[in-house]
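Please consult the sequence and the model shown here.

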Amino acid sequence: MEETRDTVRNGEQDGGGAREPRPRHRVAVLALPGVPPFELGIPSRVFGSVEDAEGRPLYEVVVCTADGGPVLSDAGFVVQPAAGPEALAAADTVILPPTHAMPQLAEGGPLPPEVGAAIAGIRPGARLVSICSGSYVLAAAGLLDGRPATTHWNLAPEFRRAYPKVRIDEDVLFVDDGDVLTSAGVAAGVDLCLHMIRRDHGAAAANRAARMCVVPPWRDGGQAQFIDRPVPEPTLASTTATRAWALEHLGEPLPLGKLAEHARMSLRSFTRRFRDEVGMTPGQWLTAQRLELAKQLLETTDLSVDLVAHRAGLGSGNSLRAHMKTAFGVSPAAYRRAFSPIAPG
């Protein structure tokens with residue numbers, strides 16, 4: 001992964017003479033019988049929207065099947081793949097959408113032989129990704145044993161019984177465990193793809209892809225899956241306008257009382273409504289948004305760490321360093337070196 005990203009970036013910065021064609025990150029999407037078309041199309045749509053500064057695609061996405069033949073989707077039409085299992089051996093990232101045609105997996109049963117063989121053919125070092133119940137396929141192959149993972153919240157009790165060695169967490173949108181990533185249902189697959197783009201090429205590239213797909217650019221993986229009340233009741237006030245206003249004023253002090261006043265709610269009502277709508281407290285959300293702004297500033301400007309912290313509303317450079325170390329495990333300087341095309345050296 002680092003190799004692919006560094007190769008692309010170095011290609012951008014080479015000066016003089018003709019540039020070598022930049023290698024594209026290869027994504028193979030394994031379509032299994034009973035695949036839902038929406039989830040199958042997410043990787044092609046999201047990764048296909050990522051381009052470099054010259055408008056050249058940074059990812060190559062191919063849909064394949066375990067034997068190279070067509071598969072029947074759960075919508076009743078046939079998916080004709082572009083490739084067979086050989087695509088898995090060449091992929092940098094392999095994505096497994098759900099399947100609704102392998103009920104034995106819900107009981108911890110085995111993969112069909114051709115699927116097991118296809119999974120075994122994935123090249124060592126490839127990044128493995130599941131969307132929704134695609135996690136069952138990874139678990140059945142033994143690839144999630146001992147790892148943290150997620151799946152759709154409604155499937156978590158069943159999953160936990162079938163695969164007790166997996167550390168399942170149904171309260172998050174996605175889990176990034178380095179070379180293995182899993183997401184919850186449907187829209188969380190979009191969130192995970194954008195997260196991978198951000199990890200590969202930085203927040204600016206992920207934001208551009210999100211704009212092309214007309215989706216929110218960022219939802220933290222630790223955000224709740226909105227199990228109880230996914231949509232606010234129409235008779236209740238919403239915090240949406242206040243969140244939009246806060247995003248325009250991240251560099252200013254935004255105490256809880258000021259947010260509640262803007263929303264014209266009591267502190268108690270605002271806090272409860274905010275958590276219902278967003279899945280986290282106002283303070284947690286503000287910190288996450290400020291860190292996202294700080295990352296964008298580190299990528300796209302040469303501002304000092306202290307100025308980045310100030311503009312993002314995180315106070316001092318020391319505060320920003322502490323927050324980034326806790327949230328991402330890196331310092332602002334290390335993040336800038338990894339993701340900013342204008343970084344020195």
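Is Cys213 buried or exposed? Cys213 is buried, as its relative accessible area is 17%; buried means under 20% relative accessible area, exposed over 50%, and partly exposed in between (1.4 Å probe, protein chains only). The model is predicted, so local features need pLDDT of at least 70 and side-chain atom pairs count only at pLDDT 80 or more, while totals for chains, interfaces and linings use all residues. Residues are numbered from 1 along each chain as its sequence is written, and side-chain values use heavy atoms, with hydrogens and water left out.

**Cysteines**

A disulfide is a covalent bond between the sulfur atoms of two cysteines; the criterion applied here is a pair of cysteine sulfur atoms within 2.5 Å. Zero disulfides are found in a search of the whole structure. For Cys193, the nearest cysteine sulfur belongs to Cys213, 9.2 Å away, and Cys193 is in no disulfide. Cys193 counts as buried because its relative accessibility is 1%.

**Aromatic pairs**

Rings of Phe, Tyr and Trp (its six-membered ring) pair if their centres lie within 6.5 Å; planes under 30 degrees apart count as stacked, over 60 as edge-to-face and the rest as tilted.

| Pair | Centre to centre | Angle between planes | Class |
|---|---|---|---|
| Tyr136 and Phe159 | 5.0 Å | 85 degrees | edge-to-face |
| Tyr136 and Tyr163 | 6.0 Å | 80 degrees | edge-to-face |

Helices (H or I, at least four residues) and strands (E, at least two) are DSSP runs, numbered from the N terminus. Because Tyr136 lies in helix 5 (residues 135-140) and Phe159 in helix 6 (residues 156-162), their pair ties together parts that are 23 residues apart in sequence. Tyr163 lies in the loop between helix 6 and strand 8 (167-168), 27 residues from Tyr136. Tyr136 and Phe159 are both buried, and Tyr163 is buried as well. Tyr136, Phe159 and Tyr163 form one aromatic cluster.

**Helix 12**

Lys295 is located in helix 12 and counts as buried, at 6% relative accessibility. Leaving aside residues up to four places away in sequence, Lys295 touches Arg198, Met324, Phe328 and Tyr335, where contact means heavy atoms within 4.5 Å.

Helix 12 (residues 282-300) also meets helix 8 through other residues: Ala203, Ala204 and Asn207 in helix 8 contact Glu292, Gln296, Glu299 and Thr300 in helix 12.

How values were computed:
Axes are lines fitted to C-alpha atoms, for helices over the stretch in contact, and angles run from 0 to 180 degrees between N-to-C directions.
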